[in-house]
Amino acid sequence: MAHGVALRGTVIKASCGKGYFLNLNSNRLKSVPEYVSRFPNLSVLLLSHNSISDLPTQLQSLRHLTELNLGNNVLREFPVVLKHLDSLRKLDLYRNKIDVVSPDAIGNLGNLVVLNLDHNNIQRLPPEIGRLRKLQHFSMLDNKLEELPGEVGCLKALSELNLNYNNLSSLPEQLYFCRSLLKLYAARNRLTNLPEGITALVKLQVLDVAGNRLSMFPIEFHLMHLTELYCDGNWLIKHKPVPLLPKPQMLSLKELAARLVLLEVRKEISLIKPSLPHYPELNDLLSSSKCCTECHGPFLSTWVECVHFVSLKKEMNLRSRLTIPVRALLCSYNCFRAEGPCYYGVEMK
């Protein structure tokens, strides 16, 4: 059952159990009509395709609002009044002129599930973005974003993130705490590498990093279970072998001792492991250790950094016929010449 009340050429509908729905899209509005604030039980308010430049403070009375669409307007900043609308679950601010995101406003929208900021002029996001713990879909397509704050790693419910067409030169390691992420779009940025932690995104199905400046992919990237990968238009290393002469296994005493301790730490029963908490400097030193791509043994100093080439179709079951370079860290010349993947040295220009 639905009821309609005519107001200045608009219709407010009330559906049983669903609250009030007000559609003011495409009405050539330059401001939000004053009468809107008289409906405190409004749950959906559509104001897209108008010429609204700011929001009145009276809008804070809409405490039951769950969906607000302000797309295709002329807002120049993230409206501060939104901080009072803590019931919002879906917020559309696409195609405005926003260049500033208020930390106070965005930090109070803890119930947001969908946030669309596409086609604005945003350069930075405040750390308060990490408070949106229920956010599942977040899109910032076509902005001027130069850096993604590490607090994005707090968005544990995030399943889709669109960062296409921005100015990002890197992605924060913390992003890979978003273990629910299914789709990550970061095409047409300035990325020179992907953090090694990307392999922690075990649910990731779609990755778009086309049109960046990547030269290789992270260690064990080929073990990810992607269904789609877009990586054309990068600066990927070509499949051209670079001669690598054998090096004698001349390890320093420091390196030998570190490898011994690191191996002991892996054991369930060890005489060394219980003593480590008494040597904080040693712990700091060992925290920078790495794992050999070939033998999986621990080491402190990289013997050689190289790449091996992975067929997306054969090794990752993707439709693409591309072969991509995947980074590898090796602990010895023996691992370099081991049977299995062919490793190639990277020529540094």
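A residue counts as buried when its relative accessible area is under 20%. The structure used in these exercises is a predicted model.

**Exercise 1. Strand β15**

Task: Determine how many residues of strand β15 are buried, and which strands pair with β15.

Solution:
Step 1. Strand β15 covers residues 304-311, and six of its eight residues are buried. The strand is therefore mostly covered, given the cut-off of under 20% for a buried residue.
Step 2. Strand β16 (residues 323-330) runs antiparallel to β15, and eight bridges join the two. Within this pairing, S311 is opposite T323, and C306 is opposite A328.
Step 3. Strand β17 (residues 344-345) is also paired with β15 in the antiparallel sense, over two bridges. Here C306 faces G345 of β17.
Step 4. Putting the pairings together gives an open sheet of three strands, in the order β16-β15-β17.

**Exercise 2. The edges of the sheet**

Task: Explain why one side of β16 and one side of β17 are left without a neighbour in the sheet.

Solution:
Step 1. Strands of a sheet pair through backbone hydrogen bonds, in a parallel or antiparallel way.
Step 2. In this sheet the order is β16-β15-β17, with antiparallel pairing.
Step 3. β16 and β17 stand at the edges and each has a single partner strand, so one side of each has no neighbour in the sheet.

**Exercise 3. Aromatic pairs**

Task: Classify the pair F309 and Y344 and the pair Y333 and F336 by the positions of their rings.

Solution:
Step 1. A pair of aromatic rings is described by the distance of the centres and the angle of the planes.
Step 2. The structure holds three aromatic pairs. In one of them, F309 and Y344, the centres are 5.5 Å apart and the planes make an angle of 65°, and the pair is edge-to-face. F309 belongs to strand β15 and Y344 to strand β17, 35 residues apart, and the pair links distant parts of the chain. Both residues are buried.
Step 3. For Y333 and F336, the ring centres are 6.0 Å apart and the planes stand at 25°, so this pair is stacked. The cut-off for stacked is under 30 degrees.
Step 4. Y333 and F336 lie three residues apart in helix α5 (residues 333-336), so about one helical turn separates them.
Step 5. Y333 has a relative accessible area of 15% and is therefore buried. F336, at 14%, is buried as well.

**Exercise 4. A residue in a loop**

Task: Locate P33 and decide whether P33 is buried or exposed.

Solution:
Step 1. P33 sits in the loop between β3 (19-23) and β4 (42-46).
Step 2. The relative accessibility of P33 is 13%, so P33 counts as buried.

Terms used. Residues are numbered from 1 along each chain as its sequence is written. This is a predicted model: local features need pLDDT of at least 70, side-chain atom pairs count only at pLDDT 80 or more; totals for chains, interfaces and linings use all residues. Side-chain values use heavy atoms; hydrogens and water are left out. Buried means under 20% relative accessible area, exposed over 50%, partly exposed in between (1.4 Å probe, protein chains only). Helices (H or I, at least four residues) and strands (E, at least two) are DSSP runs, numbered from the N terminus. Two strands pair if DSSP finds at least two bridges between them. Rings of Phe, Tyr and Trp (its six-membered ring) pair if their centres lie within 6.5 Å; planes under 30 degrees apart count as stacked, over 60 as edge-to-face and the rest as tilted.
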